[in-house]
Structures are given as C-alpha cells and as structure tokens.
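Let's take a friendly walk through some side chains. Have a look at the sequence and the fold, and then read on.

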Amino acid sequence: MIRKFLRLNNISEKAIFTIASIDLKKDEAGLLAFAAKHNVPVKFYTAAELQQAKGDFTPSPFVKSIAGVDNVCERSAVLASGGCLKLRKTAHDGVTLAVAEEPLIIDF
C-alpha cells in the first residue's frame with residue numbers, strides 16, 4: 001500500500017526521512033518493520049502533542065474516539081517534518097498515510 005501511494009504521488013522511497021504516528025502505535029509491527037527496512041527513524045507523539053500541531057487537518061470522529069485527537073496521520077506528519085502538509089490523508093486496508101515536507105532553507 002505504501003509503495004503504491006508513493007508511486008501514485010511521484011514520491012521516491014528515498015524521500016522518506018521520518019515516519020510518525022501516535023504513541024498508541026509504538027508497538028505496531030508493520031510500522032516498525034517498514035521503518036527498519038528503509039532505515040528511517042520513527043517518532044511517536046501523544047494525543048496532547050498532536051493536538052498542538054498547527055494547520056488545517058481532516059477531522060475524524062472515529063479517530064478522536066479511539067485516539068483522543070481528531071487526526072493522527074496529518075498532524076504527526078506536520079510535527080515530524082516541522083513543515084507543512086503536502087498530501088492529505090489516504091487510507092487503504094487499515095493503513096492511513098499523509099505526507100508533509102520539511103521547510104527548504106537555502107543558505108549561501
């Protein structure tokens with residue numbers, strides 16, 4: 001699912017610098033296996049930390065009832081990148097993804 005998502009959005013797997021989610025998923029085998037396979041760090045945030053993310057996020061009453069915050073994937077992507085949301089959440093077969101990009105700073 002992740003490869004298909006990346007391919008459809010013209011994103012290289014090499015462009016993944018961090019995977020982020022809520023701390024409730026800190027033991028999720030698939031997420032940890034993907035991170036290990038691609039040698040990228042994983043960051044986990046509490047619901048309170050995710051709630052502090054700045055931006056316009058796609059709310060989900062279901063996610064809020066489970067996680068205590070109305071959106072996990074978009075908020076965690078923004079927090080982990082320190083940038084802005086590039087691709088809103090996409091869900092398939094129980095996996096939800098969003099992409100944020102780090103700010104580009106050019107210094108001469």
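## Surface, charges and cysteines

Leu 104, Ile 106 and Phe 108 make a nonpolar surface patch of about 490 Å². A patch here takes residues with over 30% relative accessible area and no salt bridge, joining nonpolar side chains (Val, Leu, Ile, Met, Phe, Trp, Tyr) within 5 Å and like charges within 9 Å. Areas come from the Shrake-Rupley method with a 1.4 Å probe, and for residues only the protein chains shown count as cover.

This is a predicted model, in which local features need pLDDT of at least 70 and side-chain atom pairs count only at pLDDT 80 or more, while totals for chains, interfaces and linings use all residues. Residues are numbered from 1 along each chain as its sequence is written, and side-chain values use heavy atoms, with hydrogens and water left out.

Strands (E, at least two residues) and helices (H or I, at least four) are DSSP runs numbered from the N terminus. Ile 106 counts as exposed, at 59% relative accessibility; exposed means over 50%, buried under 20%, and partly exposed in between (1.4 Å probe, protein chains only).

Now to the charges. The model holds five salt bridges, each a side-chain nitrogen of Lys or Arg within 4 Å of a carboxyl oxygen of Asp or Glu. Among them are these:

| Salt bridge | N to O distance |
|---|---|
| Asp 56 and Arg 88 | 3.3 Å |
| Asp 70 and Arg 75 | 3.0 Å |
| Arg 88 and Glu 74 | 3.4 Å |

Asp 56 lies in the loop between α3 (47–51) and α4 (61–67) and Arg 88 in strand β3 (residues 84–92), so their bridge ties together parts 32 residues apart in sequence. Glu 74 belongs to helix α5 (residues 73–81), so its pairing with Arg 88 in β3 links parts 14 residues apart in sequence.

Finally, the cysteines. With a disulfide taken as a pair of cysteine sulfur atoms within 2.5 Å, the count is zero. For Cys 73, the nearest cysteine sulfur is that of Cys 84, 15 Å away. Cys 73 is buried, at 13% relative accessible area, whereas Cys 84 is partly exposed, at 44%.
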